[in-house]
Number of protein chains: 2
Amino acid sequence: MSDIVDKLKRRFPDQTSTAPALLEQHGVGETYHPSFPPDIVFFPTSTDDIVTAVKLCAETSTPIIPFGSGTSLEGQISAVHGGVCIDVHKMDNILSVRPEDLDCTVQPGVRRHQLNESLRDTGLFFPIDPGADASIGGMASTRASGTNAVRYGTMKDAVVGLTIVTATGEVVKTAQRARKTSAGYDLTRLLVGSEGTLGIITEITLRLHGIPEAIAGGRCTFDDLSSAVEAVTLCMQCQLPVARLELLDELQVTAINQYAKLSLPEKPTLFFEFHGTPDAVRESAERFRDIVEDCSGREFISETDTDKRNELWKARHAAYYAGKSLIPGCVGLATDVCVPISNLTECIIETKKDIVDMGLTAPIVGHVGDGNFHVLCLFEEDDSDALNRIKTFNEKLVKRAIALDGTCTGEHGIGTGKMKYLEMEIGAAIPLMRQIKSALDPQGIMNPGKIFSPMAEA
Amino acid sequence: MSDIVDKLKRRFPDQTSTAPALLEQHGVGETYHPSFPPDIVFFPTSTDDIVTAVKLCAETSTPIIPFGSGTSLEGQISAVHGGVCIDVHKMDNILSVRPEDLDCTVQPGVRRHQLNESLRDTGLFFPIDPGADASIGGMASTRASGTNAVRYGTMKDAVVGLTIVTATGEVVKTAQRARKTSAGYDLTRLLVGSEGTLGIITEITLRLHGIPEAIAGGRCTFDDLSSAVEAVTLCMQCQLPVARLELLDELQVTAINQYAKLSLPEKPTLFFEFHGTPDAVRESAERFRDIVEDCSGREFISETDTDKRNELWKARHAAYYAGKSLIPGCVGLATDVCVPISNLTECIIETKKDIVDMGLTAPIVGHVGDGNFHVLCLFEEDDSDALNRIKTFNEKLVKRAIALDGTCTGEHGIGTGKMKYLEMEIGAAIPLMRQIKSALDPQGIMNPGKIFSPMAEA
């Protein structure tokens, strides 16, 4: 390893670092997983830089770990076998914006807020919102989604095409810019969600959307979780064109009240948004109010005025850090599952029961319009007993979701954290995935130790 | 080959045929490509039947060609190296419909009209409409789309998950039923559009949509093609939520008038539909009328009444057979390309110029909301000179589309007909596709001679 470290340092003296604190920080995401620092961090400024680094690594079978903004949650950026971390944050140029085609091309280090900021004058926006101000490259790699996915889809839908550097250092463009194509295998969709194990993304062409003419947004509360989920289920089954539909359980609301000094009713709460013409969003919000009232919901507020709407939604945006503040200085294990909408009530209610029965501090937040929800399980740093109980809880949650025809992760990915659950979920498909991995990366240097369990990798 | 033919006949006496006419019919789609008949046609009734056949074929390295409804256009079902045609038309069961989750699971031989017929009572429909009454398995294999794609997406978006039989006879489910997932590689999207070269699809889970409460549909005409395309471009750039937006050039309208005994103005014509609430579709149609009038369009008619709307649209549905009737008894080379919307005007106008300059009889029909259009080039069966001129025209068209950042095929696929154009379009990506192909089908028995040019396959 010292060989490749020296070579990279000599070749890129101003774009490499082996400072211990920096290595440590690059070995862990926003996650409870232990840090596995890389041997060196490399900061490319171009696709060519990445080609050079990949070729050097390929010569010596050195692991390569792509790094965006470090906000992944399942250990995707851990250098479990050491190696070269390729941190793309200097590749943050918006290469072109084409309002006339509703698309743009960006480098992987561009952050989503940066992109939306720069789009402001075009009347367009990039809708994928995973919470963190993640990099576009990282979002593509983990097939991220978030609050807007129920209307605008996930990164699978947002990415038109990619440029990648393969494991052998070739530069490959996966698709042209047409809105649809039947030309050969869908390499774009294969790369999206492959967590850096098949190649390094160096350019991303994204579909954009018009900023809606009007937005109706608001919230409402329920006496119990099952009524709230029932309202979600009905909303989806009636196909109300909801743009965001977020559930917070009462513990999450308590956390937000404490954290943001608010006084929301500490009950299961839904936040919603409708996007469209002024008449359409008002009509949709009215229909949704009827559903909410049928499900014994109350305190229904909907606003179209931007400031008032933002005020209502502020609480939702604070959810993650508010949750973590429930136990000061704690660590959080953030897990997520996604089930068919008709199974959502069962999945959430049983999960909530587990949280109570096991005495966990674990608020629930869900992109429930998609059947997707998160549990943030909190524990004190060195409390290995608590961590073990949480792992047991997580396994039970995941098994339940799979039994309900759902997935072990709706948007966080597999990383190192959910490898065994991928096997439970679609075990028969894993040999195919491994064959693809071996074909495109025969040396196994691209982000090794992710997605597939290491035992069988040998 | 006689060995496998005998084995299959013995094992499945009532489910195999070697009748010459049947073989001939199974070696060609709705296409100008010559027929390459298989050595035997097998009619499985279950996934297990397919497993048995694939294992027999794998033992003897025999080519396997999946066959749905025989409506593909680029030679996807030609048995270019002989082998076993697996005709799935007896696997036409709708296995389950789950209105509460807006999805269903079907066998590959289910036809799209059959599916929509059976969904009628649920208030749901399956929107993908490639024109032909194609099988769902075939539509998945070619990543089909059609008139509704501008609103509802393509088969890439419609397929939730697949069950496939691999080249070694394993049964693999690619995904659970959750609306979104980040669990491992997106095998579903890799298989969709792989034209039978990676595995045989035996079950498909599809996303369904609510039949819209209201539909406004109509048509309008233009004095010239460029004004019509300009109206399309503006409609898309203003993000009017159009559900269908179809262009017919004046020759296509002439053909329809002759074929269906209508008297439409023989001018470039747009057909459109908006889906939504009664107020919303009326509002959208009004906005569209403004755009059309700004582009000097005229004879704008929009109807929400079902019968009147169907009457207006009837002409569009007759397009393909009407086109072919321009030269009685002729053969048609149907080609399609797709470009970014801002390049659509240039691509269509230049193409029309070529048609005129080269003296071709070739109506244009386009799913222009997506930037996708077709040219149906007609010629008499034995007129090899005409065919050569048409091939020259097609190559010019495809090269133009690629130069405009588009694709050589928006929805027909590569098959045998567009292999060299795939190389022109994304040549650097082909080695990756080939590596995937070799990894999943090391013997090369799954629909060989498709997508990748045979020369380099050796």
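Author: The hairpin is made by S5(B) and S6(B), with four residues between them. In its turn, Leu102(B) has a positive phi of about 55°. This and everything below is read from a predicted model.

For one facing pair, look at Arg98(B), which stands opposite Asp103(B) in S6(B). In a regular strand the side chains alternate between the two faces of the sheet.

Chain B superposes on chain A by a rotation of 180° with 0.0 Å of shift along the axis, and the RMSD is 0.0 Å. The two copies are thus related as by a two-fold rotation axis. Both copies use the same surface, since 99% of the contact residues of chain B recur in chain A.

The contact itself draws 72 residues from chain B and 71 residues from chain A. On the side of chain B that touches chain A, the elements giving two or more residues are strand S9 (171-173), helix H8 (187-191), helix H11 (278-294), helix H16 (419-426) and helix H17 (430-440) of chain B. H17(B) gives the most, with seven residues. Sorted by class, this side of chain B has 28 nonpolar, 26 polar and 18 charged residues.

For the rest of the fold, turn to chain A. Its secondary structure comes to 18 helices and 18 strands. The radius of gyration of chain A is 22 Å, close to the 23 Å that the globule rule gives for 458 residues, so chain A is as compact as a globular protein of that length. Along its principal axes, the C-alpha trace of chain A spans about 65 × 55 × 40 Å.

The domain assignment divides chain A into domain 1 (2-87), domain 2 (94-210), domain 3 (214-315), domain 4 (322-414) and domain 5 (420-457). Between domain 1 and domain 4 of chain A, the C-alpha centres lie 31 Å apart. Five residues of domain 1 of chain A are in contact with seven residues of domain 4 of chain A. On the domain 1 side of that contact, two residues are nonpolar, two are polar and one is charged.

Two sheets of chain A deserve a look. One is an open sheet of four strands in the order S1-S2-S4-S3 (chain A), with mixed pairing. Strand S1 (16-17) and strand S3 (64-67) of chain A stand at the edges with a single partner strand each, so one side of each is left without a neighbour in the sheet. S3(A) pairs with strand S4 (residues 84-87) of chain A in the parallel sense, over four bridges. Within this pairing, Ile65(A) has Cys85(A) in S4(A) as its bridge partner. Helix H1 (residues 2-11) of chain A lies across S1, strand S2 (40-42) and S4 of chain A, at about 35° to S2(A). Helix H3 (residues 47-59) of chain A also packs on the sheet, where it touches S2, S3 and S4 of chain A, and its direction makes about 170° with that of S4(A).

The other is an open sheet of seven strands in the order S15-S12-S14-S13-S17-S18-S16 (chain A), with antiparallel pairing. Here the edges are strand S15 (298-303) and strand S16 (331-338) of chain A, each with a single partner strand, so one side of each is left without a neighbour in the sheet. From one strand to the next, the twist averages 15°. Inside the sheet, strand S17 (residues 364-367) and strand S18 (residues 372-379) of chain A pair in the antiparallel sense over four bridges. One facing pair is His367(A) with Asn372(A) in S18(A). Helix H15 (residues 384-403) of chain A lies across S16 and S18 of chain A, and runs at about 10° to S16(A).

Methods:
Residues are numbered from 1 along each chain as its sequence is written. Chains are lettered from A and ligands numbered from 1 in the order in which they are written. This is a predicted model: local features need pLDDT of at least 70, side-chain atom pairs count only at pLDDT 80 or more; totals for chains, interfaces and linings use all residues. Two residues are in contact if their C-beta atoms, placed from the backbone, lie within 7 Å. Ala, Val, Leu, Ile, Met, Phe, Trp, Tyr, Cys and Pro count as nonpolar, Asp, Glu, Lys and Arg as charged, and the others, Gly among them, as polar. Copies are superposed by least squares on the C-alpha atoms of residues with pLDDT of at least 70 in both. Two strands pair if DSSP finds at least two bridges between them. Axes are lines fitted to C-alpha atoms, for helices over the stretch in contact, and angles run from 0 to 180 degrees between N-to-C directions. Domain bounds come from an automatic or database domain assignment. The radius of gyration is taken over C-alpha atoms; the globule rule is 2.2 Å times the number of residues to the power 0.38.
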